Amino acid sequence: MIEEVWRQVCKLLEKDNSGHGMEYADRVLNLSLKFAKAEGADKEVVALIALLHDVDDYKIFGVESAENLTNAKKILEECEVIGETRERVLGAIKMIGYGKRLREIEPTSLEGMIVPDADVCDATGTTGVLRAY
């Protein structure tokens with residue numbers, strides 16, 4: 001399932017030149033999975049959130065897509081991610097974003113918290129993380 005979601009995200013982002021393409025998605029995914037292992041989080045849910053957290057970014061896909069999570073829902077449906085897993089993933093994605101963080105809107109699940117932390121670490125870069133440490 002994760003591999004199929006990854007392929008769908010690749011198709012969606014293949015022409016991206018905003019810095020939110022698959023190289024970025026893979027970095028956030030890999031770092032998120034390391035955090036998930038360390039924290040004892042559900043790795044499948046973390047992987048899905050990491051892969052899908054920017055597939056409806058308003059800067060790339062528009063406000064309507066961002067508000068409705070159009071692409072994330074379509075990919076989850078096509079990959080047959082249903083039930084509680086689907087709801088956990090969508091619930092977390094709705095709460096992720098720099099602007100939301102500034103308004104103190106943040107995920108409440110461990111899995112949802114991991115991905116934005118990995119995203120910030122990626123944005124900061126290795127040097128910044130090591131300096132802060």
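The model is predicted, so local features need pLDDT of at least 70 and side-chain atom pairs count only at pLDDT 80 or more, while totals for chains, interfaces and linings use all residues. Residues are numbered from 1 along each chain as its sequence is written, and side-chain values use heavy atoms, with hydrogens and water left out.

Start with the whole protein. The secondary structure comes to nine helices and zero strands. Helices (H or I, at least four residues) and strands (E, at least two) are DSSP runs, numbered from the N terminus. Of the 133 residues, 38% count as buried, meaning under 20% relative accessible area with a 1.4 Å probe, protein chains only. The accessible surface comes to about 8100 Å², by the Shrake-Rupley method with a 1.4 Å probe. Carbon and sulfur atoms hold 51% of that surface. Among contacts (heavy atoms within 4.5 Å) between residues at least 6 apart in sequence, 59% join residues at least 24 apart.

Now take helix α1, residues 2–13. The axes of α1 and α6 come within 10 Å and cross at roughly 140°. Axes are lines fitted to C-alpha atoms, for helices over the stretch in contact, and angles run from 0 to 180 degrees between N-to-C directions. The two helices are therefore oblique to each other. Angles under 35 degrees count as roughly parallel, over 145 as roughly antiparallel, 65 to 115 as roughly perpendicular and the rest as oblique. From α1, Val-5, Gln-8, Val-9 and Leu-12 make the contact; from α6, Asn-71, Ile-75 and Glu-78 do.

The second pair is α3 (residues 43–52) and α7 (residues 83–93). They pack at an angle of about 45°, with axes 9 Å apart. These helices, too, are therefore oblique to each other. On the α3 side, the contact uses Glu-44, Val-45, Leu-48, Ile-49 and Leu-52. On the α7 side, it uses Thr-85, Arg-88, Val-89, Ala-92 and Ile-93.

Finally, look between α6 and α7. Cys-79 sits in the loop that joins α6 (70–78) to α7. Is Cys-79 buried or exposed? Cys-79 is buried, with a relative accessible area of 11%. Leaving out residues up to four places away in sequence, Cys-79 touches Met-1, Glu-4, Val-5 and Gln-8. Cys-79 and Gln-8 are 71 residues apart in sequence, yet 8.6 Å apart in space, C-alpha to C-alpha.

Notes
Buried < 20%, exposed > 50% of the residue type's maximum accessible area, 1.4 Å probe, protein only.
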